[in-house]
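Please keep the sequence and the model in view while reading.

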Amino acid sequence: MGITTFGSSTAENRYRRFYKCQIARDRKTKNHLFKWIDEALIDEIRIVDAKHERLAQEITKFEERVMEKVKSEIVRVEAEMSEKLKEKVNLEIARVSQEMKHKLKIATVALVVVGEIVGIWTSHTV
């Protein structure tokens, strides 16, 4: 069943375009589609606007869900990085501490040796 456009010939709507079902035109019945084109266009615009609004709301909800996931992931990654950083810092502190203990032992031995040398030197020079 086709829809055809026509132009009105009445005095009140002269040349105003309208849609009319082919069956209605052939049978001269009023039980089939008739709609002014300008009104049909406005209806279509309203339908598109409503769809656009629904899509905009869905996009907003999607963006909110994505942002929640991103924030959650940021918190997870920050915690993981913080833990790894703590581990590295603790390892470095342990390494430096071990190195300092080793150097302290060397310094202690060096002081004992120097003390002995000074003791020997002073006992021979007196």
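Ser8 is found in the loop between E1 and E2, where helices (H or I, at least four residues) and strands (E, at least two) are DSSP runs numbered from the N terminus. The model is a predicted one, in which local features need pLDDT of at least 70 and side-chain atom pairs count only at pLDDT 80 or more, whereas totals for chains, interfaces and linings use all residues. Residues are numbered from 1 along each chain as its sequence is written, and side-chain values use heavy atoms, with hydrogens and water left out.

Is Ser8 buried or exposed? Ser8 counts as buried because its relative accessibility is 8%, buried meaning under 20% relative accessible area, exposed over 50%, and partly exposed in between (1.4 Å probe, protein chains only). Leaving aside residues up to four places away in sequence, Ser8 touches Asn13, Arg14, Tyr15, Arg16, Phe18 and Trp36, a contact being heavy atoms within 4.5 Å.

One of these contacts of Ser8, Tyr15, is itself placed in the loop between strand E1 (3–7) and strand E2 (17–21). Tyr15 counts as exposed because its relative accessibility is 68%. Although Tyr15 is not a glycine, it has a positive phi of about 70 degrees.

From the loop we turn to the strands. E1 and E2 pair in the antiparallel sense over 5 bridges, where two strands pair if DSSP finds at least two bridges between them; within this pairing, Thr4 has Lys20 of E2 as its bridge partner. E2 also pairs with strand E3 (residues 34–36), again in the antiparallel sense, over 3 bridges. Here Phe18 has Trp36 of E3 as its bridge partner, while the partner of Lys20 in E3 is Phe34.

Taken together, 3 strands form an open sheet in the order E1-E2-E3, with antiparallel pairing. E1 and E3 are the edge strands, each pairing on one side only. Neighbouring strands of this sheet are turned by 25 degrees against each other on average, direction ignored. In a regular strand the side chains alternate between the two faces of the sheet.

Finally, helix H2 (residues 37–125) lies across E1, E2 and E3 and runs at about 85 degrees to E3. For such angles, axes are lines fitted to C-alpha atoms, for helices over the stretch in contact, and the angles run from 0 to 180 degrees between N-to-C directions.
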